[in-house]
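Me: I've just opened this one and I'd like to get my bearings. Could you walk me through it, one question at a time?

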Amino acid sequence: MDIYLDRRAVRQIRLSAQEAIDEGDSESLREDVLEAFKEEQVEEIERRLDTGDFYEFLTDVLDEWNGDDVDELFELLETQLGEVGIDLKTEPKGAEASRLRQKKF
């Protein structure tokens, strides 16, 4: 199953992760990552998790994250979600996004 994060969600996570790096606190980052996903996406993820708890899943991801590289956080999310059969995708940027939008219509 594919889950797509739009530009707004990706930006929200990036800004929050940078703030967590700067301040050394990941509590608000966990909440911001959770809010970046739509309710239906969270429900689907929870159905696939052994624990059934996305918040706990995020806690584990953030515990594994080294806390100094935003891209690494996205890689961890992609890897961990991939292990439960979810392919995390972000909205393409620039020309690729424009090309894909044109195909939809």
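Me: Let's start with two of the helices. At what angle do the axes of helix 2 and helix 4 cross?

Reply: Keep in mind that this is a predicted model. Helix 2 covers residues 27–36 and helix 4 covers residues 54–64. Their axes come within 10 Å, and they cross at roughly 130 degrees.

Me: What does that angle make helix 2 relative to helix 4?

Reply: An angle over 145 degrees would count as roughly antiparallel, and 65 to 115 as roughly perpendicular. The crossing here is at roughly 130 degrees. That makes helix 2, relative to helix 4, oblique.

Me: Is the crossing left-handed or right-handed, and which residues of helix 4 make the contact?

Reply: Helix 2 passes helix 4 in a right-handed crossing. On the helix 2 side, the contact is made by E27, L29, R30, E31, V33 and L34. By class, the contact has seven nonpolar, one polar and three charged residues.

Me: How about the next pair: how far apart are the axes of helix 4 and helix 5?

Reply: Helix 5 spans residues 70–82, and helix 4 packs with it at an angle of about 130 degrees. That makes helix 4 oblique to helix 5. Helix 4 passes helix 5 in a right-handed crossing. The distance between the axes of helix 4 and helix 5 is 10 Å.

Me: Which residues of helix 5 take part, and how many residues of the contact are nonpolar?

Reply: Helix 4 brings F57, L58, V61, L62 and E64 to the contact. From helix 5 come L73, L76, L77, Q80 and L81. One residue of the contact is polar and one is charged, and the nonpolar ones number eight.

Me: And D63, is it buried or exposed?

Reply: D63 is found in helix 4. Exposed means over 50% relative accessible area. D63 has 61%, so it counts as exposed.

Me: How many charged residues are in the contact of helix 1 with helix 2?

Reply: From helix 1, the contact has R8, A9, Q12, I13, S16, A17, E19 and A20. They meet S28, L29, D32, V33, E35 and A36 in helix 2. By class, seven residues of this contact are nonpolar and three are polar, while the charged ones number four.

Me: Which residues is R48 in contact with, leaving aside its neighbours within four places in sequence?

Reply: R48 has its place in helix 3. At 31% relative accessibility, R48 counts as partly exposed. The C-alpha atoms of R48 and I86, 38 residues apart along the chain, are 8.7 Å from each other. Setting those sequence neighbours aside, R48 is in contact with M1, V84, G85 and I86.

Me: What separates the C-alpha atoms of D50 and V84?

Reply: D50 lies in the loop between helix 3 and helix 4. At 84% relative accessibility, D50 counts as exposed. Along the chain, D50 and V84 are 34 residues apart, and the separation of their C-alpha atoms is 8.9 Å.

Me: Now for the whole protein: in what order do the elements run from the N terminus on?

Reply: The protein has six helices and two strands. Its chain has 105 residues, and 34% of them count as buried. From the N terminus on, the order of the elements is β-α-α-α-α-α-β-α.

Definitions and conventions
Residues are numbered from 1 along each chain as its sequence is written. This is a predicted model: local features need pLDDT of at least 70, side-chain atom pairs count only at pLDDT 80 or more; totals for chains, interfaces and linings use all residues. Side-chain values use heavy atoms; hydrogens and water are left out. Helices (H or I, at least four residues) and strands (E, at least two) are DSSP runs, numbered from the N terminus. Buried means under 20% relative accessible area, exposed over 50%, partly exposed in between (1.4 Å probe, protein chains only). Axes are lines fitted to C-alpha atoms, for helices over the stretch in contact, and angles run from 0 to 180 degrees between N-to-C directions. Angles under 35 degrees count as roughly parallel, over 145 as roughly antiparallel, 65 to 115 as roughly perpendicular and the rest as oblique. A crossing is left-handed if the near helix is turned anticlockwise from the far one by less than a right angle, and right-handed if clockwise. Contact means heavy atoms within 4.5 Å. Ala, Val, Leu, Ile, Met, Phe, Trp, Tyr, Cys and Pro count as nonpolar, Asp, Glu, Lys and Arg as charged, and the others, Gly among them, as polar.
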